[in-house]
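Visitor: I have a structure open and would like to go through it piece by piece. Can we start with one of the helices?
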Amino acid sequence: MECRSSGPQPSVSNASAGAALRWFEDMIDHCYDYAEAARAQGRPVVGIMCEFTPREIILAAGAVPVCLCGGSAATIPPAEQFLPANLCPLIKSTFGYQVTGKNPFLNWADLVVAETTCDGKKKMFELMGAAKPMYVLELPHKAENAAALEHWTQELHKFKAHLEERFNTQITEEKLRAAIQLMNRERGLRRQLADLMTQDQPPLTGRQLIEFKSIISGIEADLQQYENGLKSLSASGGDASSPNVTATKASLPREIRVLLTGVPIVHGAERVLELIENAGAVVVAMENCTGLKPILEDVDAADPAPIRAIAKKYYHLPCSVLTPNSGRFDTLRSLSAKFRPDCVIEIIWQACLTYDIESIQVRKLAEEELKLPYLKITTDYSPSDSARISARVEALFETIKAKAKG
Ligand code: SF4
Ligand code: SF4
């Protein structure tokens, strides 16, 4: 598994913020060491592939939840020996790691948790499940149906029972509450980092901000680094003239602020984000599953029924597999008001039908309601269309600048 992407490297010179960024640049290595040590202590590894999967229940079972989503183009050809070429690259890349055996976290996984989201994933899980122990959470798709939340809550109760039996443990209320606190703390810190981008001159690029995450949640050392980065970046006030921060790619004036939406941009697949920012913009907010969507809401720690509280938080995730998915449009409205973008750019992985079709409504929202220019980029993990994407992004930015000049 690759440890690093080849994107522009952070150049924040504020010692503490720079150290925090460097920590997350080596995130895969840290996760490897953490998971290896945890296994040596007898903790099971549980692979997950979607933000609907509640990490709190896995942590409460004493297991290590690891995101297995693939961001590598290299594992796609091996996957295509089994999967159709015309399939989302995220699904193919993830499965390619199973074919090649090159993801140690997948190799170590004592259990893989899947869920009934998009069709491509569901059917891929059946193939993966032939080789790995697999548990499938049934996600109801009609988000506004009151019975759907009840069904999802029951699914999570069954999941808890499954983990208890499989790992011969008891998930007590106390353990659940501790896991809820831990995950709320992690989400809160990542939210505060993302909020720094509301500044007129954000202290980070979007490419730097997306580094601040880990494929394993709840690692105390990561939380410390979130805190360190946050403290030092907040202290600098995002001011490029601050003695703490030298002129960096992030602190140079950028004329265009971008609200990014669409599919998840998993580790290693940040190419389009880089192309957008290399064209002179800063991505001030990412609505997708690798950005703000999963961290906007916490689990209600005061709820007397912790599994129900977890179910509620996760079922509020506005993914395009839900119908209707009105929560996503509300999120885009509030992010637009908060981060003040000049345009909306949507990334769609090729053959992702749900996000692709939903993009019709996103365009309408952006152009007609938010009065923001909208650009849809449909692509995969191959760099073959980079020049074409850059040209389209540059044309959009030129139009925005020309309009601003009047
Ligand atoms: S976009 Fe939907 S299916 Fe994909 S990780 Fe997010 S919630 Fe899961
Ligand atoms: S990007 Fe779309 S097709 Fe790919 S896994 Fe996510 S929802 Fe499914």
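Guide: Take helix α9, whose buried residues are L176, A179, I180, M183, E186, L189, R190, L193 and A194. Keep in mind that this is a predicted model.

Visitor: How far apart are the end C-alpha atoms of α9?
Guide: They are 32 Å apart. Helix α9 covers residues 173–195, and at 1.5 Å a residue its 23 residues should span 33 Å, so the two values agree.

Visitor: OK, on to α12. Why is it described as largely enclosed?
Guide: Because six of the eight residues of α12 (residues 271–278) are buried.

Visitor: Which ones are buried?
Guide: R271, V272, L273, L275, I276 and E277.

Visitor: And what do those buried residues pack against?
Guide: Against α10 (206–209), β5, β6 (281–286), β7, β8 and α16 (386–405).

Visitor: Which residue just after α12 has a positive phi?
Guide: That is G280, with a phi of about 105°.

Visitor: You mentioned β7. How many of its residues are buried?
Guide: Seven of the seven residues in β7 (residues 343–349) are buried, and the strand is mostly covered.

Visitor: Which residues sit on which side of β7?
Guide: C343, I345, I347 and W349 are on one side, with V344, E346 and I348 on the other. Both faces are covered. In a regular strand, side chains alternate between the two faces of the sheet.

Visitor: Does β7 run parallel or antiparallel to β5?
Guide: Parallel, with five bridges joining β7 to β5 (residues 256–262). As an example, V258 has C343 as its bridge partner in β7.

Visitor: How many bridges join β7 to β8?
Guide: Six, and these two strands run parallel, with β8 covering residues 374–379. Here I347 has I377 as its bridge partner in β8. Between β7 and β8 the chain passes through α15, in a right-handed β-α-β crossover.

Visitor: Switching to ligand 2. Which residues surround it?
Guide: C88, L90, I91, C118, G120, K121, V263, W349, C352, T354 and Y355. W349 is also one of the buried residues of β7.

Visitor: Which elements give two or more residues to that shell?
Guide: Helices α5 (89–100), α7 (119–129) and α15 (353–369). The chain also goes through α15 on its way from β7 to β8.

Visitor: How does the shell split by class?
Guide: Around ligand 2 there are eight nonpolar residues, two polar and one charged.

Notes: Residues numbered from 1 in each chain as written. Chains lettered and ligands numbered in written order. Predicted model: local features only at pLDDT ≥ 70, side-chain atom pairs only at ≥ 80, totals over all residues. Near = placed C-beta within 6 Å. Helix = DSSP H or I, 4+ residues; strand = E, 2+ residues; numbered from the N terminus. Nonpolar A, V, L, I, M, F, W, Y, C, P; charged D, E, K, R; others polar. Buried ≥ 20, exposed ≤ 12 C-beta atoms within 10 Å, placed from the backbone. Pairing = 2+ DSSP bridges. Right-handed = clockwise from strand over helix to strand, strands pointing away. Contact = placed C-beta atoms within 7 Å. Expected span 1.5 Å × (residues − 1).
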